[in-house]
Amino acid sequence: MTILVIDAQGGGIGRQLVTAIKQNIPTAFVIAVGTNSAATAAMLKAGADEAATGENSVIVGCRRADIIVGPIGIVIADSLLGEVTPGMALAVAQSSAKRILIPFNHCDNIIVGISDFNIGALIQNAIDEIKKHKQ
């Protein structure tokens, strides 16, 4: 199973996702793609099997992945302080991969009903969902 983790800004969410995936699903092949080099470096340090940076890397990764996981902003053009390009959002949305999106209220995108969740619980929910789709 190939899991693509996409993150932006400092890569903190992506780092936590990569760590949790590698601990809970050690046979998974994890590709980390950051919208910038800091995000990529954080995920690579967390144990990603491969890593790359930028729009074309997101587009190519979306074609290779069985599962795509990241903050919900990866499907919203210009989100995450403008780091998600329209091409990135389109590639994620049109991918045949299963998308597991973590809801965050950030950058004028408000998802109602998530105020009671902490990041640890959201990451665990994502891992539980990935396990349901293991191949």
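Lys132 is exposed, with a relative accessibility of 60%. Its salt-bridge partner is Glu129, which counts as partly exposed at 28%. The model is predicted. The salt bridges come to three in total. Side chains of opposite charge can pair when their charged atoms come close.

**Lys132 and Glu129**
- The closest N and O atoms of Lys132 and Glu129 are 3.3 Å apart.
- Both residues sit in helix H6 (residues 119-132).
- They are three residues apart, which means a separation of about one helical turn.
- Lys132 counts as exposed because its 60% relative accessibility is over the 50% cut-off.

**Asp49 and Lys22**
- A salt bridge joins the side chains of Asp49 and Lys22, at 2.8 Å from N to O.
- This pair links distant parts of the chain, 27 residues apart.
- Asp49 lies in the loop between helix H2 (37-45) and strand E3 (50-53), while Lys22 belongs to helix H1 (residues 12-24).
- Asp49 is partly exposed, at 36% relative accessible area.
- Lys22 is also partly exposed, at 22%; buried would require a value under 20%.

**Arg64 and Glu50**
- The side chains of Arg64 and Glu50 form a salt bridge, at 3.3 Å from N to O.
- Arg64 is in helix H3 (residues 55-64) and Glu50 is in strand E3, so the pair ties together parts 14 residues apart in sequence.
- Arg64 is partly exposed at 45% relative accessibility.
- Glu50 is partly exposed too, with a relative accessible area of 32%.

Note on methods
Residues are numbered from 1 along each chain as its sequence is written. This is a predicted model: local features need pLDDT of at least 70, side-chain atom pairs count only at pLDDT 80 or more; totals for chains, interfaces and linings use all residues. Side-chain values use heavy atoms; hydrogens and water are left out. A salt bridge is a side-chain nitrogen of Lys or Arg within 4 Å of a carboxyl oxygen of Asp or Glu. Helices (H or I, at least four residues) and strands (E, at least two) are DSSP runs, numbered from the N terminus. Buried means under 20% relative accessible area, exposed over 50%, partly exposed in between (1.4 Å probe, protein chains only).
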